[in-house]
Amino acid sequence: MSRSIVAATAQLGPIARSEARASAVNRLIALLEKAHRRGAELVVFPELALTTFFPRWYIEDEAELDRFFESEMPGPETEPLFEAARRLGIGFYLGYAELVREGDTKRRFNTSIIVDRDGRIVGKYRKVHLPGHFNPEEWRPFQHLEKRYFEHGDLGFPVFDAMGGTLGMCLCNDRRWPETFRVLGLRGAELVMLGYNTPVHYPQAPEHDHLQDFHNHLSMQAGAYANGCWVIGTAKAGREEGCDLIGGSCIIAPTGEIIARTQGLGDEIATAEIDFDRCRELRENVFNFALHREPGDYGPICEGAALRAQSRTKVTEDSRFSARN
């Protein structure tokens, strides 16, 4: 029995800071419908697909910050996307900013979900590797305040049985860390979906600017190959509020080959047939974990974990204090 589906990477062009949520949702629906016309059964949208990339600004007004977050999913403004998925019988991955209220405490996460063909949420992930910085730094041409606005994800790297395969998720900076793909691979992920908002300019090392597209694909292709899984990466691209974002949204086979890719920096899709059984080509051969992996020699990867956890807790406490004050 075939375990093949047609999947699409659904790249978004820029979203203005003033663009209404309904406008962004309508753009997502248009991409969903276009992908459906091409036979797609699963669509992967970008990270923070409902708003502009707001961590590039220092936002002191908590009410202003909250408007970039979703306190329910779906909510009144996002329900039309779920209705479209049900109508078309197509699943999707969506990245967004999640606001969780626990009594008087607000918790904020950079989140993604898997929605099945019936419009039901069947998986959730919260970003683990938060890049950027906590306090505003005036020397930067734009801020990257993910560490201020989001907590470290508290769900780990789960996998979900959906769409005929075993699916995993990550977000943007997660893709640069081999451990992300390794943990998902060890848990049996046959497809890893991820969205990203990646600037062309890297202020700390501008000499790397010309390598941004290369590093983007390098990390995803290596993750696919070393773990024998499919990877679909989707960008928010183009010049957004004065900041240039890379594109290069693509579908990568378990061999590490890019088999479909967007061409520009606007709203665009690229599709490919993915066969989950192709993962066996790698997992039963060169990357047969049970036969060849040597975890007993990988101890240094986890050394210092307690210290890092302590540091992360301090940043989280600072973030909550800032949110309350």
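The sulfur of cysteine 279 lies 6.5 Å from the closest cysteine sulfur, that of cysteine 229, which is too far for a bond. A disulfide is a covalent bond between the sulfur atoms of two cysteines, and here it is taken as a pair of cysteine sulfur atoms within 2.5 Å. By this rule the structure has 0 disulfides. Cysteine 302 is likewise in no disulfide, and the nearest cysteine sulfur, in cysteine 170, is 18 Å away. In accessibility, cysteine 279 counts as buried at 3% relative accessibility, and cysteine 302 counts as exposed at 54%. Buried stands for under 20% relative accessible area, exposed for over 50%, and partly exposed for what lies in between (1.4 Å probe, protein chains only).

The model is predicted: local features need pLDDT of at least 70, side-chain atom pairs count only at pLDDT 80 or more, and totals for chains, interfaces and linings use all residues. Residues are numbered from 1 along each chain as its sequence is written, and side-chain values use heavy atoms, with hydrogens and water left out.

The sheet comes next. An open sheet is formed by 6 strands in the order β5-β4-β3-β2-β1-β14, with mixed pairing. Its edge strands, β5 (121-126) and β14 (268-275), each pair on one side only. Neighbouring strands are turned against each other by 35° on average, direction ignored. Two strands pair if DSSP finds at least two bridges between them; helices (H or I, at least four residues) and strands (E, at least two) are DSSP runs numbered from the N terminus. Strands β2 (residues 42-44) and β3 (residues 91-102) run parallel and are joined by 3 bridges. In this pair, valine 44 stands opposite tyrosine 93 of β3.

Two helices pack on the sheet. Helix α1 (residues 21-37) touches β1 (4-11), β2, β3 and β14, and its direction makes about 45° with that of β14. Helix α3 (residues 79-88) touches β3, β4 (105-115) and β5, and its direction makes about 145° with that of β3. Contact means heavy atoms within 4.5 Å; axes are lines fitted to C-alpha atoms, for helices over the stretch in contact, and angles run from 0 to 180 degrees between N-to-C directions.

A nonpolar core is a set of buried Ala, Val, Leu, Ile, Met, Phe, Trp, Tyr and Cys residues joined through side-chain atoms within 4.5 Å. The largest has 44 residues, and those touching the most other members include Leu167, Leu194 and Ile274. Strand β8 (residues 191-196) gives the most to this core, with 5 residues.
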